Structures are given as C-alpha cells and as structure tokens.
Amino acid sequence: MRRFSAILGVALMVAVSCTQAPTGTIPSGSSAASAAEQPQPGGRLVLSATGDPKTMQPVISTDTQSSAIWQWFYLGLTRANSKTGQTEGNLAEKIELSKDGLTLTYTLRDNLVWSDGSPFTGDDYKYTAEAVMRSKKTTRQSTFANVVGAQDYKEGKADEIKGIQVSNGGKTITIQFTKVFCPATAAMGGAGAGGILPSKFFKPKWDNKSTDATKNIDDVDLNMNPPVSMGPFVFKEFKPGVQVTMTKNDKYFRGAPLIDELVVKVYADATAVKNALVTGEVTYAGVEAKDYDEVSKVDALKGYRYKSSSYNYIGWNAKAAKAPWLANKDVRQALWYGINVDAIMKKIVFGLGTQVYAHNPPVSWAYDPTGLTQYTYDVAKAKSLLEKAGAKMGPDGIYRWTDGQPMKMRIETNQGNNARETILQFAQDQYKQIGIQIDPLLESFNALLDRTDPGTDFEGFILGWSLGADPDPFSIWHSSQQGKGQFNNVGYVNPAVDKALEDNRNGPDCSQDARKKANHTVDLALNQDAPYTFLYSQDTLAFASKQLQNFDPNTYSTIWNAEKWWLKK
Amino acid sequence: MGRFVARRLVQAIPTFFGVLVLTFLLSRLSPSDPVQLMLAGNTEVTSEDREGLRRALGLDQPLPVQFFVWVWQLAHLDFGQSIYYHRPALQLILERIPNSLQISLAALVVTVAVGVPLGVVAALRRGRAEDHFIRVFSVAGHAIPQFWLGLIFVLTLAVQLRWFPIGSMNAVGVDCGLCWDRFVHLLGPVLVISIAGIANLPRILRTEVLEVISQDYVRTARSKGLGEPMVVAVHVLRNALIPVVTSFGTILLVFFSGSLIIERVFNWPGLGRLTFEAAVSKDYPVVQASVVISSVLLILSYLLRDIAYAWVDPRIKVR
Amino acid sequence: MATTTTAIKATTATDVLVRPSRSLWSNAWWKLRHDRLTLAAFVVLCLLALLAAAADLLADNVFQYSFAKQDLLHTYEKPALDPIAYLLGTDEIGRSQVVRLLYGGRVSLAVGFVAALVNLTIGVVLGLSAGYFRGVVDDLFTWFVTTLQSIPTLFLLLIIGAIWEPGPVQLTIIIGALFWTGISLYCRGQTFSLREREFVIAARTIGARDRRIMFNHILPNILPLIFVLAAIDVGGIILAESALSFLGLGILPPTPSWGNMLTGATNYFVRAPWLVYPPGAMIFLTVLCLYLIGDGLRDALDPRVKGREG
C-alpha cells in the first residue's frame, strides 16, 4: 500500500529499555553472566515519537505518528515478511487466489481471540472494510477500487459490500474482484485500513449494516481509546504531550510477550529523540544520518543499519504556471545532470544510503537497474541540454527561456528535516552554476503538502516516498491520478507507462516475472523523462540499548517479533 | 478592598472584549481557508461538500455575525474542535495549563526567594565597583537569550554531563507530582526562566532601599530607638516591596512568553508548546482558544498583582 | 531638643551662587561622559554595527568567502587561522561561520533598528494624540493598549509568524507593530502633564494648529527619554527576532540571522560546539550593550540621580 510520508524522524521503534530512574523498576538480580541467555520476563520498553498520535484507529489514520501506535493493537490478515517483503500469513493462516485472479480467500487461524477473550472473526474484517468505504476522512478507499459492491456500498445503494463474504462460522473470508487486481494478496489483508477493528465494540457507535451514507466511524470516541487488541500489547492510557502507555497482551496469538509494559514517549523533535537515546531515556530509536557517527560512539547502544523501502527526490511540476520550461524533457534532464548527487551522498547522507535513478528502490523485488542512465554530475552537459531546449544565457549569468523570461523558480521543502533543508541550500548553489536561479522556501510539513497538491502554483519541491512491499506505482505515476488530493502532482503523462502500470496492477498476468518487467518499463521511462530528480534511498539507521535481546528490525517491519524481545538486566 | 477588586474586574471586561476581537481577526484574516484545512484529510470532497461545511460553520455569514456567533459559543465554553487532534480545543488546553503553571509558580517563588535576599545584600553595599557590578548583572539577566541559555543547559549539563534530565516532567515510569523526581525535572526550566527576574530584583531593591533609608519616617523610627535590623525589616522592606510587586507584571509577561521557548527546549508538555505546534499546523481553534485563555490568565495575574500592590501600599486604594 | 540643625544659610538677592547651575542637558552630558560603563557599551555597539555594515567589504577582502559559499568537502572544520575564513570554523555545508556571523549581525541589527523606528513612530504618534486630545481618543487608545498588553507578545508574534509566514520585511513591520505600547504610554503620560504648561497654552492662544503643538512643542521635550526607551526596545526586538528565527518562524535560511544559525547548530553540538556559542554570544553582547546604553541614558537624564552638583 502506498503511504505518503516524510522521513521526519523516527516514529516508533520497538525497543527494550532499562530505566535509569533511581527508583529502578528492574530488580537488580545477580549480574553474574551465569544463565545469561535465558529470556527474563518483565521490564519496560521505551520508544519515541515526535508528536502525539492524532488517532488510534487505522481507518482515518493518515500519518506515521498515529500508525506507530495503532499498529500494536490492530493487525491485518497478512503481513510483509520483514526481510523480503513477501506476503505471509498473520491472522490468516491460508491465502488463496483463484486461477482467474478474481476471487481471494482467506482462512483464519484457529482460536483467534481479542485481548478480552472475545473471538476474532471475519465479521471484524468486513466491518473494517465497510468503515473505510463510508469514511469521509480516509485516504484508503482506492484499495477497494476493484472489489465487487464497494462503490455501491459507499454511495448508500447497498447495506453491505457484496464482494466480501464471511462464511464457515467467521473463519473464511472471500473477496470478489471486478478485475484482476495483482497486488490483492498483499494489499487486502488489512481491510484497506492496515489494521482490523473489533466490530463488537465499534458497532454500537456506528452500525455498518445500513444504507445511510452520511454516517461513519470518523468521530467515534473509541478512535482515541482502543478497547481491545489483537497485537502483543493492549492500550492502557494516553497522556497528551507526554506518552502513550501499553501493557502486554497475554492472549496474543503468537504468545504472550516477555516485556510487561511499553511506553511511547513524545519529544519535540529528532534532536531531542537523539538526546534521549544517548542518555538512555529511550531504548530504541532511529537517528538521522548526521547523528550516526556520534551515536555509534555510545558504548551502551548497539547500531542497526538496513535498507529502507523509501527514497528522496526533487519533484518538478510539469504544469507549473511560472516555470513552463519544466514541461520540457531536456530541461529536466539538465536539472539532474546539474546537481552533484554524489556529493550529497557523501556529505549530507554520509554514505549511509544508495543513490537511485528511478522509482522502485533497491530493496524491492521489482528493482532492476539495467539500462538506467546514471546522470553523473556534468555542468557542461547540463548547460548544453538547456541550450538545446532553447535557453539563451542572459547577461547576469541566468538563462533566458524561449519566452524571454529568466529561468527562475522556487524549490520548497519542509522544516525539521535536516537532510532536506541542507539539500535545498545545496541545490540553490548548484543550479546557480548552470544558470538557473532558485528561490528556496522552507515551510511546515502540512503547508508543504497543501501547496504541492496537484495544481499549477508550485515548481520544485523536495520530498520522499515511503513505499509498501508490493510494487504498485499506479497512484503516483498514472495519468489518471492528477486530481486534488491524489499523488501524481507533477503532471506526468506517458501512455506507455500508463499501460505498464495497468498491466502491473490488473494483469491478467500477475506472475512476479511479468510484474517485474512491467515495473522495469515504468522505471526506464521515468529515468529518461526525469519528472523527478531521483536522489537516494537512505538506509534506516537505528540504535538500541545493548540490553535489548532478540531484537531484529528489518526493512519491512521492526516489530514483527515483539513478543520475543526481552530485557537483559 | 472588595470594592477595589470589583472595580478592577469591571475594568477588565472591555480589555477582555478587545482580546476576543483581536483573536477573532487573527484567524479570520489568515491566508489559509479553514474549510480547506479541515477537509485536508478527505480525498473525495466535492464542492457541494465544501459549501455545505462552509454553511454549517457559518462561514458564509458577514464577519460581525460570525464574531457574535463565536463569542456566543465561547460563553458556552465551546472553543471548537482541534483540526489536528479531533478533540475539543478547550480540553487540550486545560490538560496543559497545570503543567505550565508549575513552571511559572515555581519560577515566581525562586525569583523572590533568591532575588530578595540578593537585593538586600546589594542594598547594604555601597561603592562604585559594586554599583557597576550590580548594574551589569541586572542588565545581563535580561540580555541573555533564554533559548540559548536553555539549549546550553540541556546540551552541556544534561546530555554531556548527565547531571540533569534532558527534559520532560518526570522520568519514564514515574508518575508523581509533588516529589523529588518532579523537582529535579523542574530545575532546568525554572532556573533559565527566573534568571531575568532574579537579575532584576537586586537592582530595583537596592535603589528603593537606598532611597527609602534616607526618608524621614525611617529617621523617625531610628530616633525612636528601634534596633537597626528592625528598622530595615519593618519599614524599609515594606516600602521597597512596592516596586518588586510592580515588577511582577513584567516577570509574568516573561514567564508567559518564555514558556513557549522553554517548553520546547525542555520538552515540557505545557500550553506554550501546544500553542506553537498548533500555530505551525494552522490548527486555528486551538490557537484561538490558547490566546484567549492565556490572556484571561494574564489579566487575572495583573489583577492579583494590583491587589498585592494595593495591600502593600495603602495609598493606591484611595486613588 | 536640638535646634533645627544645619543653619539655613539665608540667601539674599545679592548672594552669588558658588557654582553656575547646570541645565538638564549639560548635566546629563556630564554624567554620560563620566559613566564609563555606558561609554564602553556604546563603543562596543558601534564596533559591532561597523563590522556588520562592513560585512561585504570584509567578506570580499579579508575572508574571501561569501556567506552563501558552500564547500561540502570542508564541513565542520574546527576554528583555524588558515584560511582566515575558518576563524570560527565552518558549518554543516562548509560555510564560514565568521562571515555568516557578520551578515547575521546585519540582518539582526537591521531588523532591530528598523522595527524600533516603526515602534517609535507608532508609539509617539498614538501616545501624543491620546495625551493631547484626551476624551474618546484617549479612551480608545487605552482600550487598545491594555488589550495588546494582555496578550503575551511573543505568543502573538509566534502565532502571526506561523500563520502568515512573513518575509523579512513584513516581519520587521509586524514586530514594529507589536512593541510600541511602552513608548506610547510614556508619551501619553508626559503629554498629559505638558499640555497644561504655559508654553503650550501660549501656543494654543496664538492659534497654532494641534499638530504643530504636538510635534513642534511637546515632542522635543519628551524626546530624550524616548530614545532611552527606544534603545531598550531594540534590545527586546533583537531577542524576539532571534527567538523566532531559532524556532524556524522568523528569518529563514539561507539568509543568516543569529537566531537561525542556532537552529541548525544545536543539532551538531557534539560534533562542532564552536557553532553553538558564537551566535548566542553575539546576541547577548549586542543586547547587553543596548540595555546598558539605555540604562546609562536614563540615569543621565534622571534628575534624581545626582551628577557632580551635590
């Protein structure tokens, strides 16, 4: 599932922490290394966040601070394997896609119960899916674009989504598609929302079996007060501005966790998180590239570094009213040749990442760098491309475009992300050398999102994508996705790419080979058309206290084995 | 005294009204469209939806009407829903006020407890060198940028030397209010915020004490045969306290304004930090509620100061 | 009981005073000249202003580095004498800190003085009008001022900064529009008392226009102390602007301001502590000097504080 995010700091990481408060909640048992590897139960995990969660309910959750909380309580039928990204069973033990690709069947595990003992059934799944389709605040409805009856339900023409059927006493869930939907096995597991809600508790607040399309789950009080959990921890309390507290769920289907309590503490920004990490106040947190060196030197911490499923880029709005030259491919290529990405890698990312030249990041199974141009830094080439496109050098060192206007434009990005701010300033300097004047603009993240919504009033912007395990770039690159609130905000249109994206999404050949080929077609085109200046995929850098055992974070999940973690005293 | 208080309360009403007008204009005249902001998360919003919401919020009415509707809602303590948190704005603010008050009150206590004795000591010392020193000291306290001081405090004393916690109200897992842990966590913010006040007091007190000591009634007390310490304590201090109380006004302002920065630097979940985050994310209901409520608090504290002033100096009441 | 102690020397018209009396002005001037602290502060401030004004010259000739010049190969350089541009080290993209401090000084001082000027203008005009015309004008004025004073100024500034995201010029004007209450109250108070003085009544009798009376007669009398308030004002404005820039809401990078040089620098405290102390120290020094000067001026003009005349 696509998720639009900025790499602002680390939201949640699971970590075991040994509190350093003088009162000490951890019994100081014998410190002898005797039965050293025997897991010891008890203790408290402290994670960090850079803001309060806005909601604890997946249907209306749109930001990482929120998902970092509810992911502990509300799970999906499937999950991505933390290392490979392949779909594997979570709450479901069997997933079957019919030969014609139009029917998906989930079989749940036996004896699944919520933390209060009540059973988890397929009805919970269906309830969540219907909540998504009726919600006015969700961004997840596209998951059900090809499910039979979803649109009717949304418009109030039906009192249920006919394409989702629960049978076999709630143990089997069958989904019917109108078209083959290749990402189905990966994307449908979370009922669109990413996590499945306990319908028993939510139903009295909003009844899904109705045709009243004006009512929905958006403002229910349970959204901030998760009543039960299917995950390893149960919600206990939320102190706004301070922390979220959770206790262990003995009924977790993978086994009760060894850790007693999990706390997510709120900090003002990434630097405060780093300080907390260094002083031992939190046990596990991610760090920015610039801090990696410094934090590596802390004895009590162990470092983790792995590839991430994300990348940073400079976007160029081909529909920009004030910069008509951005519609020209040569100009965009020049912009790529004109910035020294290698220097960025060395000095801003400190070598802790990989340069990218197209959309699918190196960690994805669809990644294929063959045939991609690397746009090595070349000022002369950039200038010659600009001149080929019709630009003429003006007396002040700035090129004039074919309409006589000086080539001047604005690049904006969000404050608080150190790497992006630095890249912005670097870019300003670099582009001056190829005769283009840049006006830098720093703004709040929300303002940035507002301003770069599909439209004509922005030129360049620096942002990042955080991608799910299934390679489905449809919502970012398809020409139909240029509406308000959608993700193709650079106005990219390429019929060959459209076709490849449709093939990748709706098959009919959903084999990995076919999809990999389709993705490669897309990547090649993006590489040549340069709608973005693709920059780099930064490795995830994190540190955890050495006391945390069995901790194994990877690209697609850090918390996949949370029930096995324990604190070494 | 009662009539004095009542009179001052009545005088505060037009001020409060002015605050309401100012706050209202602030948000209504902003460049962003509140409806747009509120629907930011919604992906399938049609223009009918937008118009409907606009009408529901009363945003299609002329401004004065909107204003009175808003004031009416305020009278019912309805400050609206936070766009960002989806919870009542008033609730968010009330949650945070006790946290900020802790710092302010502690800072007030510290300022007086440290500043007054320092002032007395300073008053008893004459001489040019002392003059210069006290003058620079008092001015320096105001000149030092609070955010810089707080930053250095956190970076050196907390992160590098680990003498102090890096912020927050309590250590993780500790949940007490009036206890040692809280005290330790309060030290940093309180010290930084009190510096300005502490630096000022010796100077004010010194000038006042010097002036008062040469006054007639002190001489009278001396010739009546009262011992020197008694003279100082009873007569001088009481009159010298007047400007101290007056300076509370500035001090309170410093606390409120400073709270914004200090809370951010020390990771304190108070009203200042909430306001900052709300302003940055353009969460108007919270920003409005915060401005209105802080103003009320400030007006109330000015009132308290005036009452203290009147109590210390009986001449005031008569005026 | 002792007789009234010191014999009061009877003065007659023929007695000659031992010393010629000093006017307020010469007394003030005398006090200032002997107030070493204020003089020192004045000198330091002029030096800073000079350095800031000469930023271009210095950057080109002495340091040979512009404030925007980046050098990703030399980030976080320790302070060194060679090249001279590394005098205070370099920041996260290799810019020379000493050059940026100079330019930052320019920005901070410019904002400070211009905003103070705006302050002064608004404050004087409003205060004089309120004091002179009294009645409704005064009531409105008092209402407006008490309202402004009831909202914590930095709060207001921050909110305006976050909501409107103003550029540097707008920011200066906005700051100017918020800090004038002190000056205006002083002007009003003074105008109240002065308007009953003979020279004002005389002017009115001749038929002088109100505006003339206010600006040509009353204003010159209160001007001195206004400058005192203005000096203190500039200090407060510089503190406010740097706090705002530090929070990311005032002057935005890449334009350097002492405040925003600290926003970034705090991230690198362990790696490069030389980036954290200088900007803050500059703010402190400048504001300290301004406050001392204001203080000194006030003492000099205050008839209660004795000069040489006993």
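These legends describe close-up views of a predicted model.

**Figure 1. Overall build of chain A.**
Chain A contains 15 helices and 23 strands. Its radius of gyration is 25 Å, close to the 25 Å that the globule rule gives for 569 residues, so chain A is as compact as a globular protein of that length. The C-alpha trace of chain A spans about 75 × 60 × 40 Å along its principal axes. Of the 569 residues in chain A, 54% are buried. Among contacts in chain A with a separation of 6 or more, 72% join residues 24 or more positions apart.

**Figure 2. The contact between chain A and chain C.**
Chain A brings 16 residues to this contact, and chain C brings 15 residues. On the side of chain A that touches chain C, the elements giving two or more residues are α7 (289-296), α9 (341-347), α11 (418-433) and β18 (437-443) of chain A. The largest share of that side, seven residues, belongs to α11(A). By type, the residues on the side of chain A that touches chain C are four nonpolar, six polar and six charged.

**Figure 3. Helix α7 of chain C and its buried face.**
Helix α7 of chain C covers residues 168-176. Its buried residues are L171(C), T172(C), I175(C) and G176(C). Seen down the axis of α7(C), these buried residues fall within an arc of 135 degrees, so they line one face of the helix. An α-helix has 3.6 residues a turn, so residues three or four places apart point the same way.

**Figure 4. The surroundings of A300(C).**
A300(C) sits in helix α12 of chain C, which runs over residues 277-301. Is A300(C) buried or exposed? A300(C) has 23 C-beta neighbours inside 10 Å. The cut-off for a buried residue is 20 or more, so A300(C) counts as buried. Leaving aside residues up to four places away in sequence, A300(C) touches A28(C), K31(C), L32(C) and D35(C).

How far apart are A300(C) and G207(C) in sequence and in space? In sequence, 93 residues separate A300(C) from G207(C). In space, the two are 36 Å apart, C-alpha to C-alpha.

Conventions:
Residues numbered from 1 in each chain as written. Chains lettered and ligands numbered in written order. Predicted model: local features only at pLDDT ≥ 70, side-chain atom pairs only at ≥ 80, totals over all residues. Helix = DSSP H or I, 4+ residues; strand = E, 2+ residues; numbered from the N terminus. Buried ≥ 20, exposed ≤ 12 C-beta atoms within 10 Å, placed from the backbone. Contact = placed C-beta atoms within 7 Å. Nonpolar A, V, L, I, M, F, W, Y, C, P; charged D, E, K, R; others polar. Rg over C-alpha atoms; globule rule 2.2 N^0.38 Å. Arc of directions from axis to C-beta.
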